[in-house]
Amino acid sequence: MSEKDMSENESTRTAGSAATSGTDESVALSIRDLNLTIDDHHILKDVSLDVPSGKVMGLAGESGSGKTMTGMTVLGLQPEGAEVTGEIDYHGENLLALNDRQMASYRGHHIAMVFQDPTASLHPMIRIGVQLTDHMRHHLGLSKQEARERAIELLKLVQVPDPEGTLKRYPHQFSGGQLQRIAIAVAIACKPDLIIADEPTTALDVTVQAGILQLLRHLCDTTGLTIILITHDLGVMSALADEIAVMRGGQIVERGSRYDVIRNPQHPYTKALIDSLPKQMMERRDQAAQAGQTAQAESGETEQPSEPQEGGQHD
Amino acid sequence: MTETMENSLSWVPRPMRCELEVNNLTVAYRQPGGRVNTAVDSISFKVSAGEVVGLVGESGCGKSTTARAICGLERPKGGSIMFNGKKITPLTLRRRPKEFQSIQMVFQNPYASLNPRRTIRHQIEDGRRANRGEAPSVEELLDLVEIPRSAAGEYPYQFSGGQRQRIAIARAVAAGADLLIGDEPIASLDASLQAKIAQLMRDVCLKTGASLLFISHDLAVVRLIADRVIVMQSGHIVEQGPTEEIWQHPKEAYTQRLLAAIPEADGLGHIPQV
């Protein structure tokens, strides 16, 4: 299993860089028995998750599985009227017990977010320079000049060309990939130790996506940043995540190392997700063709893996 | 990749009859300030009867504009599009000529392309009325896309995204499609459904004798279903050929870059280097 060795080497490397980041705790965030109910609809059911420090923790699952809701709840951004119970432990502080004002001092400062569509998450009529410095001046108490200097540094870090010119421009003057880099710069500006990236590359072309994935990996490795990566794309998950939790119907059904979850899934739902990848479908079809059968590899399968045929609840 | 399709149809499909020939097609958009954006720049390709052709490229490369021009939704600036020997004319306020109604489109967003206030039976009937020959029954069409017959009286909101896309496919087939164009038909579906719906589109086309022009930025899915691939970049065709040949031996640097950028779900943590 030389492949497995490689993946393990890589995780130890990431863990090593986390140790130099100043936090001596190995868990950046710990979610305990998180339940979320809106109008009697049970959206999250007993979600418990330890997010290892300095690593990329992936949350996989389909739309409606609760992965985005989990991320939003960590930031206190759950929908109005939602009842939340449980505990979200962040360096000894239960985030769920904080009032709005206290939460605001964490949000965007210690914990930040990167959204799917940067054209929607950045304000179209405010210059990048303002959007990139406003929260730094508030949270870090920087002067205008200091904030500007840090903004230029940040834009260099996320590899946006011409950082000084960038500050004067508006979002519509950039491509989607450049804007997502800027949005990442906004997220890491106040030196958070945790960012939640919700489908950060879904709106981007594949070649641009590769660049963003490299950037996130680089930030994680060099600054000890912890990332919660939310995506339904298992290719992206496999490229970036160190550990993966698979969600379905508001619950975590499987959790493990990237290699184990993708190569050796235990839960029938995870298996169904992996089996529905184009590559797996091709392999099955080719095997079926070789076996001299007709190549209707897909007949008899259920439409949605949310109803796996093999039934049976694990865990 | 030849499949021996068992003929499970309860009706006899018309003989394959799609010859699409795009010759030096150029489409340009006028932009504010008098500038002209040439979205498609002198491209040529063919789609033969019973063929599944994948059209891939990144956003802004002109793949959707190409599809819209084939449907007559864009007026070409130059070149021509021939369908079964007749030149496709841009759509006007008049009814579309009968011979071009067998070009049918399946759009990206089934939430927007189905009428929320009419039952799916009614909407499939709309397609059947456009059919020049004998249209299969609504029940037969629902069988084809694996939707229970009993669901015919229901409304679009009662279906999931994947099922709605199946209904949109049934409607296109009802019209007697000789050429089905899917413009990112799987992009707004859940990952686990994408490959399945794409495979369904291929199977449906093979069974009914239609050709399929499948537009997608998802190269892995295109590899799964296409016989031939056309790669576009900024309005030009950079490469075209049989799918496996392009995958194994891409000649152009752009195609190589595009293929190298696909992250593979192998659990190894390799980030594509582009």
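**Contacts and helix packing in a predicted model**

Reply: In this predicted model, B:Ala130 touches B:Gln101 and B:Ala175, leaving aside residues up to four places away in sequence.

Me: Where is B:Ala130 in chain B?
Reply: B:Ala130 sits in the loop between α3 (120-129) and α4 (138-144) of chain B. Its C-alpha atom is 8.0 Å from that of B:Ala174, and these two residues are 44 residues apart along the chain.

Me: Why is B:Ala130 called partly exposed?
Reply: B:Ala130 has 18 C-beta neighbours inside 10 Å. Buried needs 20 or more, and exposed means 12 or fewer. The count of 18 falls in between, so B:Ala130 is partly exposed.

Me: What makes α8(A) roughly parallel to α9(A)?
Reply: Helix α8 (residues 176-188) and helix α9 (residues 206-223) of chain A pack at an angle of about 20 degrees, with axes 9 Å apart. Angles under 35 degrees count as roughly parallel. Therefore α8(A) is roughly parallel to α9(A). Their crossing is right-handed.

Me: Which residues make the contact of α8(A) with α9(A)?
Reply: From α8(A) come A:Gly176, A:Gly177, A:Gln180, A:Arg181, A:Ile184 and A:Ile188. From α9(A) come A:Val208, A:Gly211, A:Ile212, A:Leu215 and A:Leu219. By class, six are nonpolar, four polar and one charged.

Me: How do you know that the "domain: ABC transporter" label covers residues 20-259 of chain B?
Reply: That comes from the UniProt annotation, in an unreviewed entry. In the model, the end C-alpha atoms of residues 20-259 of chain B lie 27 Å apart. This span is 34% helix and 27% strand.

How values were computed: Residues are numbered from 1 along each chain as its sequence is written. Chains are lettered from A and ligands numbered from 1 in the order in which they are written. This is a predicted model: local features need pLDDT of at least 70, side-chain atom pairs count only at pLDDT 80 or more; totals for chains, interfaces and linings use all residues. UniProt positions are given in the numbering used here, feature names are shortened, and annotations may be inferred rather than shown by experiment. Helices (H or I, at least four residues) and strands (E, at least two) are DSSP runs, numbered from the N terminus. Two residues are in contact if their C-beta atoms, placed from the backbone, lie within 7 Å. Axes are lines fitted to C-alpha atoms, for helices over the stretch in contact, and angles run from 0 to 180 degrees between N-to-C directions. Angles under 35 degrees count as roughly parallel, over 145 as roughly antiparallel, 65 to 115 as roughly perpendicular and the rest as oblique. A crossing is left-handed if the near helix is turned anticlockwise from the far one by less than a right angle, and right-handed if clockwise. Ala, Val, Leu, Ile, Met, Phe, Trp, Tyr, Cys and Pro count as nonpolar, Asp, Glu, Lys and Arg as charged, and the others, Gly among them, as polar.
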